[in-house]
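The exercises below are meant to be worked with the sequence and the model side by side. Try each task before reading its solution.

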Amino acid sequence: MKNKKDQTAFHLMLAPSMVFLIIFSFIPMFGIVMAFQNYIPAKGISGSAWVGLDNFKFMFQIPDSRQILINTMVIAIWKIIVGTFVSIVFALLLNEIRVRFAKKFMQTVVYLPNFLSWAVLATVVMNIFSYEGPVNALLGWLGIDPVLFMASNHWFRPMLVLTDVWKGFGYGSIIYLASLTAIDPGLYEASSIDGANRFKQLWYVTLPGLMPTILLVTTLNLPNVLNAGFDQIFNLYNPLVYATSDIIDTYVYRVGLVERQYSLGTAIGLLRSVVGIVLILSANKLAQKLTDYRIF
Amino acid sequence: MKSTVKKSASILLIALLSASLAGCQNSNSNNTTKDSAVNLNDPAWKKAMTTPYEAYPETVNYTVGATATSYTALEGTAYEGDNSTNNVWTRYFKNKLNVQNEVAFEANDGADYVQKVSMAIAGGTIPDIMVVSDQTTLQQLYENDLIADLTDAYTNCASDRIKEIYDSYDGRVLETARFDDKIMALPTTEISHGPGVLWLRKDWMDKLGLSEPKTMDDVENIINQFLEKDPGGNGAGKTVGLVVDNENVAGISGGQYELNNIFALYGAFPKQWIKDGSGKAAYGSVQPEMKPALAKLADLYNKKLIDQQFAVRTSDDRKALLTSGKSGSFMDNWWGSWTVADTLKLNPDAKWVSYVAPQSEDGSVTMFTGNPASSYLVVRKGFEHPEVAVKMASLQFDYQRYLEKDATVLKEFEDYSSNNIGGSPLAMNIDYYDAFYRNVGIYEDALKTGDSSKLLSNSDKNSYRSYKKYLDSVKNGEKPDPTAWAGYTSSITTANLVKNSKVNEINPIFFGTTPSMALKLPTLTKMELEMYLKIITGEQTPDAFDSFVSSWKKTGGDTITKEVNEALTSK
């Protein structure tokens, strides 16, 4: 156990992030009142006229609200499901590689895209999936008509999920790799004495060993259901696929900043927060129930 | 175990880092200018503040929201190292008026710039001088009491010619900047730009033996042959059809890559407030004429005559398609040659030629006229010298154009314009309504006789020299300079073409904003854009137009229409 002096040091290290949190997460919360006003920048919050629930009424009247909420959830949930699955499978496969060098090399390679920003990756993705790109060249070679992936409401969501998973699964697998090392090697020895092959070991020893981590990570991901990835979508989408890709964040950006509808933007943003807090509370409950872990 | 020293050191480091980060954010906002207290009784100051061209006794600094200019073309010339605060324009303003700019923000023309402006407004820190892109923003700024009243500045510091230019629009321009009898901004004037112009690769047409297009069928045939016979040598199926803007398919007067001409063939005028049968204002995009036009476009797309990937293209992509020879057709304006001027660098044999097409059966073209006032130059309320903006406009759009006689100075401006580089902090234009056609005849005479004395303004004389250079290079079989080619092709060839065409003008009757527009129009516009894209790309049938119309009306369109009509009758 740490002594008291060490604890103070750790608390001090926490201080900058607390300050950051207060400045960028707590103070802006007061801006929520804009949603109940006809906010005018020059007059500020104190000077702008109160309009009650007008912005919310309009928000529920326009078809966009439902659409963006659905888009956000669908995209985010798919990202969580596919992302978790791929990360786990990758961690398991990597764990089976016995050559240390090959293992490290693989891990580094899949880890790389995580460090590139979507502003850069979007161009790469757009080029790969354009009409003249390699994917359509391959399809053409197989006798399939070219598909315009990035301008098709049918393909755009799967593209979002796949490219997001591709970017993040290396990073996501780290936590699983770490908890794999925590599994008692004695269990493997015992199972092999009992005659279990590699696959059976994976099924009866590794997976159950990973289960608590999987549950915990997935539960903690739940509040992210409203965080479908602004950077990615903003850099990849176009007006044709608004119907399937416009999420709360991109919509608030366009409405609030581009169209200067500050109050409406805030109202929609607030909708997101309300749903968000419900999700966080239920995730907490769920995590407590399943893994005996609670955030608060 | 780490030693305590090491641990403390790392904590200190983190603290320092975060402190320095916080520091960075602050340093930018302290740049606001401190103006010296001005003594209004000082005659030198008073004179400077009440006349167009008098210089200030001391340098007046102002911050400006600037459109970015690329100065790379000046590398290796005498102007190397010029930038947005030190270039031929800012030096001119400094010398003549003793004013110096500081850049508050800089962005590329178009959406990027608009975004920066709205960020500045949202943040409540607008620069001393900036151009805002539409009247809605101007109105918002006025209602929010963010901008200065320029009435006195206009009366005193706008030169006679500037006033004459605004008058050439019969008040249609300056009135849009007038609120409660106060002039709140200097509007950019949109000179009449004529109808949309179809630009085609003439060298490709010649290769295939195709003649000049007139009707829609001709246009289709030409583009189809471009695709099928691949005169550009792009490889089978690699040539792209008509290049179209994905965010503005139609409806902006003088817009680029827009299909206004095709809509007009069917009597449809998207996004315009036009008179309906009963004399009331109606929104063009929801009129029944739209449907056959959309069906036609869907058909064109299906036949691959429209760029199959237009929905995902950025403006850079569009330009690249044309300049790299991937596509040989686009609809633009008379100044479309500037869009494709780079083609000459990449492919010197390429020949872009403009046509007024597609025409209706009687050989005429219908166009809707644009809002004569487009963007607005505004001054921050509280800026000590609001008249600076008006003085600068007078200097740039009158004095420098018509009265400047200093050959060295003029040479510098000519060098800049021959490299197609701007540099002025005022990203706007103030010119006569008929500026586009005004001088074509004079130019042609001058080019024939070699006597340019009838050309009045310095920029006309510059242009004349550039056109002459272009004609000479053609005569001598030399490679023409892209800028000279673009200038000649737009202002002489295309201007002549448009001047001699049968053009029907439809005048939209409303350009302003109404109370509901602010909240509801963005949603409606988005709905409209999706409708165009989905119908054209075949994701929905043209019948989807009907359901668009009904939800447009329900979601606020009817309210807005009512308000527009009220606004018109109350005038």
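**Exercise 1.** Is B:Glu220 buried or exposed, judged by its relative accessible area?

*Solution.* This is a predicted model, in which local features need pLDDT of at least 70 and side-chain atom pairs count only at pLDDT 80 or more, while totals for chains, interfaces and linings use all residues. Residues are numbered from 1 along each chain as its sequence is written, chains are lettered from A and ligands numbered from 1 in the order in which they are written, and side-chain values use heavy atoms, with hydrogens and water left out. Buried means under 20% relative accessible area, exposed over 50%, and partly exposed in between, with a 1.4 Å probe and protein chains only. B:Glu220 has a relative accessible area of 11%, and therefore it is buried.

**Exercise 2.** Find the residue with which B:Glu220 forms a salt bridge, and say where both partners lie.

*Solution.* A salt bridge is a side-chain nitrogen of Lys or Arg within 4 Å of a carboxyl oxygen of Asp or Glu. The partner is B:Lys303, with the closest N and O atoms 3.1 Å apart. The pair links distant parts of the chain, since B:Lys303 sits in the loop between helix H11 (290–302) and helix H12 (315–323) of chain B and B:Glu220 in helix H9 (residues 216–229), 83 residues apart. Helices (H or I, at least four residues) and strands (E, at least two) are DSSP runs, numbered from the N terminus. B:Lys303, at a relative accessible area of 41%, is partly exposed.

**Exercise 3.** Describe the salt bridge between B:Lys381 and B:Asp145.

*Solution.* The closest N and O atoms of the two residues are 2.9 Å apart. B:Lys381 belongs to the loop between strand S13 (373–379) and helix H15 (387–403) of chain B, whereas B:Asp145 belongs to the loop between helix H5 (135–143) and helix H6 (151–157), so that distant parts of the chain, 236 residues apart, are linked. B:Lys381 is partly exposed at 43% relative accessibility, and B:Asp145 is partly exposed at 45%.

**Exercise 4.** Why do the buried residues of H5(B) lie on the same side of the helix?

*Solution.* Begin with the list, which is B:Gln135, B:Thr137, B:Leu138, B:Leu141 and B:Tyr142. These residues cover an arc of only 160° around the axis, the arc being that of the directions from the helix axis to the C-beta atoms, and this puts them on the same side of H5(B). As a general point, an α-helix has 3.6 residues a turn, so residues three or four places apart point the same way. The buried residues of H5(B) pack, by contact (heavy atoms within 4.5 Å), against several elements of chain B, including helix H4 (111–123) and strand S3 (129–132).
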